[in-house]
Every structure is written in C-alpha cells, then in structure tokens.
Amino acid sequence: MAEDDSSGETAGTHDQTVALDLERLILDAPRRYTPYQAARAADVPMELATRFWRAMGFPDIGQSRALTDGDVIALRRLAGLVESGLLSESMAIQVARSTGQTTARLAGWQMDTFLENLTQSVEPGLTRAEVAYPLVELLLPELEQFLVYVWRRQLAAVTGRVVQAAEDTEITSGRLAVGFADLVGFTRLSRRLEEEELGELVETFENTCSDLIAGQGGRVIKTLGDEILYVSEDPSTAAEIALSLIEALAEDDSIPALRVGMAFGTVTSRMGDVFGTTVNLASRLTSIAPKDAVLIDGEFAAALEQNGSVAPADADGPGLAEALSAAAGLPAAGPAGPDAGHRFNLQPMWRRPVRGLGLVEPWLLSRRLRTS
C-alpha cells in the first residue's frame, strides 16, 4: 500500500513539474516576484495592483513568488495609461476585466479543444501533461500572431462604427435590432444525451449560428449554450438572419427546433454586452415564440414597414404601416403596391402580458414567397 502511495506522489510531483515548465514556456519568464515586490517594481500602489490582478480574473496569491517580469511590465503599462490621463482608473479596471474575461474563455476553449483532439493517440508511456509541452511549444507563436491579427481586425470594425456615430451617446446607447435564438426543449434533451453528444450539439449550434450571423452582417454578442444573442444596426438584416437561422438549422435533424425573439429600440452597450428594455423584450418574446418561428415587437415591425421590407398584413388593412410608424415615432412609409419589393410578411398575434414589461403585442415574422 505504501508503495502505491509513493508512486502516486511521484506521478503528482512529475505532473506539477511539467505544469510549471508549461507556464514558463508560455510566459517566457521565470517566477521572480511576490505581489508586493511586483507592485513596487512597477511603481504602482499595492491596492491598485491588486484591483488590476483581480479584474483580470486571477485569485489572490498571498506572498507567493509567482509573478514574472511580464506581470510587472503589464502593470506598469496599465498604470501608465491612468497617469497619462488617457484612461481613468475605473476605465483601466474595465479594460483589465473585459480583456481577462474574454481571453480566459478563449484560452480555455483552445486548450480543451487542442488537447482533446491532438492527444487522443498518446504514445505508450507518455502522460497528457508530457504531450502538452511540445504541442503548446508548436502552437504558441502561431496562435499569438493570429490572436493579434483578429483583435486588430475587430478593433478596426468597432472603431469604424464608433467614428460614424452621429452623437457621442450613440457609442454606448443607440438603436439596435436585438435577437435571441433559442433551442426548443434543450433542457429535456440534455438529460437524454451523453456529455460528448451534448457538447457536439452545442458546438454545431454555436458554429452554425455564429457563421451565419457574421456572414450576413450581424454581430454575435454572446452564446449561452442553447441560446445565442446577436444585434444589427439594420432591422431588415436582423430579420433575414433570424429566418435564415431557422431555415439552416431545420436542415440538421440532430438539432432541436429553433425559436427567435427580436426587438428594436435603444440599447446600452457596455464591455461587449448589451443591456436595456429592448434586450429584455427580445428575450421575453423568445420564450413565448412557437418553435421554428420568429416573433418581433411593434417597434421592430414599424421599422420594417418604414423601410419597405414588410408587406402589410391583410388582417389590419391598409392602415397598418401608418399605425406602426406612428407608434414608434417613425416617419410614415410611402405608398407601395403589393409587389413593391417586400421581403417579409407580418401577422399580428394576440396581445399578452409579459413579465416586467406589461402588455405586448407580438408580430409573427415570415418570409414572403414571391409568385410569378
């Protein structure tokens, strides 16, 4: 028994050594500083250094000698942005937090995926930890360069939207079409599937939705396993995305039915996320949408009417466009014939109370089939 314990301790010690070797490879520097020493070397108050460290998502490490020269340099740079007046202290904390949260998810996904797919055929006598070192050594420089490239591309796209905003308030609070796409019956299905099958389903769902949303000009805000949140400046684009999502996923028998809820209005953007009544309304509409269907709110319908994307609903007669536009404070759409390039149809649904938002009148959105 004692011999088995010793063997286990030896294996554990070996894996810990490999983990430390991996850390040194990735950070390209040895552990040298305690938190206090790092803060002092960076000439940053210990309290601020601690706030930066926690904002990046790392736990307190007491007085362990666990920090490197890279940590000192990063701390000095972040504090320097505050001292120069380019960022306020609160903004610098937000930079640290948003960067930490985003890269933590990215790093976790990358290592899970690479180690799972590339270490399945491990040679006899080699542990997962031992295979990880040469794998990371090969991937690290390529992934680093690709990360910087994608970040610059995304930064260029976001900067373009910001500088084109008509008012300063539009940068953080503007009018957007917000869409939630949700898999129907996912919780019940997850109880029946094996973990690997469930993971493959979620990955297929997220990949299909993300590619389609990005390809048609929308922006994915976040994914939540069985749900994806996206936005677009253009309601017609958001509507096309919603219907395309349902059509695309309907072709895959392994994916449950989809339902989509969308709303259009003022949205607050912060740290890459979106907030506000419009977002809440889109979420509520998703929860009451029939499967393989898209529900939108009245303001969204008005915007589609105003830009000529929607054919008037027969049930409401010729006054639908004017009524919707007036309700949303939009200029009335001009007169249009029955074949004036309408892309979608609207069908009014029963008004119903929605928790926290009062009475809501949803509209069922569908694609308009053209007749020859």
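Guide: A residue counts as buried here when its relative accessible area is under 20%, and as exposed when that area is over 50%. With that in mind, welcome to this predicted model.

Visitor: Which residues are buried in helix α12?
Guide: Helix α12 covers residues 298-306. The cut-off for buried is under 20% relative accessible area. In this helix, the residues that count as buried are F300, A301, A302, A303, L304 and E305.

Visitor: Which residue just after α12 takes a positive phi?
Guide: Let's step just past the end of α12. A phi of about 80 degrees turns up there, and the residue that takes it is G308.

Visitor: How many helices and strands does the secondary structure of the chain come to?
Guide: The chain has 372 residues, and 35% of them count as buried. Its secondary structure comes to 13 helices and eleven strands.

Visitor: Which residues have the most contacts inside the largest nonpolar core?
Guide: In soluble globular proteins, nonpolar side chains tend to be buried together. The largest nonpolar core in this chain has 37 residues. Helix α10, residues 235-250, gives the largest share of this core, eight residues. Those with the most contacts inside the core are M262, I296 and L365.

Visitor: How many residues are in the other core, apart from that one?
Guide: A separate core lies elsewhere, and V72, A79, L87 and A96 are among its members. Its number of residues is 19.

Visitor: How many residues of α10 are buried?
Guide: α10 has 16 residues and reaches 23 Å from its first C-alpha to its last, close to the 22 Å expected. The helix is mostly covered. Of its 16 residues, the buried ones number 13.

Visitor: Where α9 passes α10, is the crossing left-handed or right-handed?
Guide: The axes of α9 (residues 195-215) and α10 come within 10 Å and cross at roughly 140 degrees. Residues of α9 including F205 and L212 meet residues of α10 including I241 and L245. By class, this contact has eight nonpolar, two polar and no charged residues. As for its hand, the crossing is right-handed.

Visitor: Is V310 buried or exposed?
Guide: V310 lies in strand β7, residues 310-311. Leaving aside neighbours within four places in sequence, the contacts of V310 include L304, F344 and L346. V310 has 0% relative accessibility, so V310 counts as buried.

Visitor: How far apart in space are V310 and H342, C-alpha to C-alpha?
Guide: H342 is one of the residues in contact with V310. The two are 32 residues apart in sequence. In space, C-alpha to C-alpha, they are apart by 5.1 Å.

Visitor: Is D28 buried or exposed?
Guide: D28 lies in the loop between α1 (2-27) and α2 (35-41). Most residues other than glycine have a negative phi. The phi of D28, however, is positive, near 60 degrees. Because its relative accessibility is 68%, D28 counts as exposed.

Visitor: What is the relative accessible area of D292?
Guide: D292 is found in the loop between α11 (277-288) and β6 (293-296). Its phi is also a positive value, near 55 degrees. D292 is partly exposed, because its relative accessible area is 41%.

Notes. Residues numbered from 1 in each chain as written. Predicted model: local features only at pLDDT ≥ 70, side-chain atom pairs only at ≥ 80, totals over all residues. Heavy atoms only, no water. Core = buried A, V, L, I, M, F, W, Y, C linked by side-chain atoms within 4.5 Å. Buried < 20%, exposed > 50% of the residue type's maximum accessible area, 1.4 Å probe, protein only. Helix = DSSP H or I, 4+ residues; strand = E, 2+ residues; numbered from the N terminus. Axes fitted to C-alpha atoms, helices over the stretch in contact; angles between N-to-C directions. Left-handed = near helix turned anticlockwise from the far one by under 90°. Contact = heavy atoms within 4.5 Å. Nonpolar A, V, L, I, M, F, W, Y, C, P; charged D, E, K, R; others polar. Expected span 1.5 Å × (residues − 1).
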